[in-house]
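Good morning, and thank you for coming.

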Amino acid sequence: MTTVIHHNPACGTSRNVLAAIRATGTEPVIIEYLKTGWTRPQLLALFAAAGITPRDALRTYKTNAADLGLPEASDDTILDAMVTDPVLVNRPIVCTPRGVALCRPSETVLKVLEIQPNGPLLKEDGTPLFG
């Protein structure tokens, strides 16, 4: 199985996770979900595999989630909104043979990587990604 990252290149956390994956010597399949969008079955499968709910994956920062009432909405309503507006899904989501994870904070990616990156690896802000 290939490593897949659902990525937003404008997001620093997503770029940090992508760098960590590449530091393992792996080139992942990159899905720019803001361009491709989401389907309801796709989101349900990703969330189930990651052990999270739509509410757990809801991005409220720099989105209109609050204006839409999504923080208090049902999971079905949140999913519908995520399909309509892909930016409402927090990112990045990484899929590997070891599992699926919403990698926020970026260090979360380490638990699903088959090979750990060689360090030191720094985030864009200069802080260490790990150990």
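**The chain and selected residues**

The protein chain carries 12 positive and 13 negative side chains, with the centres of the two sets 5 Å apart. Please bear in mind that this is a predicted model.

Let me turn to the overall architecture. Five helices and four strands make up the secondary structure of the chain, and from the N terminus the elements follow the order β-α-β-α-α-α-α-β-β. The radius of gyration is 15 Å, close to the 14 Å that the globule rule gives for 131 residues, so the chain is as compact as a globular protein of that length. Along the principal axes, the C-alpha trace spans about 40 × 30 × 25 Å. Of the 131 residues, 44% count as buried. The chain exposes about 6600 Å², of which carbon and sulfur atoms supply 54%.

Next, helix H5, residues 75-84. Which of its residues are buried? They are Ile78, Leu79, Ala81 and Met82. Seen down the axis of H5, these buried residues fall within an arc of 165°, and they therefore line one face of the helix. Their cover includes helix H3 (40-50) and helix H4 (54-57).

Finally, two asparagines. Asn16 lies in helix H1, residues 12-22, and counts as buried because its relative accessibility is 11%, where the cut-off is under 20%. Leaving aside residues up to four places away in sequence, Asn16 touches Ser106, Lys123 and Glu124. Asn118, by contrast, is exposed, with a relative accessible area of 63%; its place is in the segment after strand S4 (99-102).

Methods
Residues numbered from 1 in each chain as written. Predicted model: local features only at pLDDT ≥ 70, side-chain atom pairs only at ≥ 80, totals over all residues. Heavy atoms only, no water. Buried < 20%, exposed > 50% of the residue type's maximum accessible area, 1.4 Å probe, protein only. Arc of directions from axis to C-beta. Contact = heavy atoms within 4.5 Å. Rg over C-alpha atoms; globule rule 2.2 N^0.38 Å. Areas by Shrake-Rupley, 256 points an atom, 1.4 Å probe, with all protein chains shown as cover. Lys, Arg positive; Asp, Glu negative; His and termini not counted. Charge placed at Lys NZ, Arg CZ, Asp CG, Glu CD.
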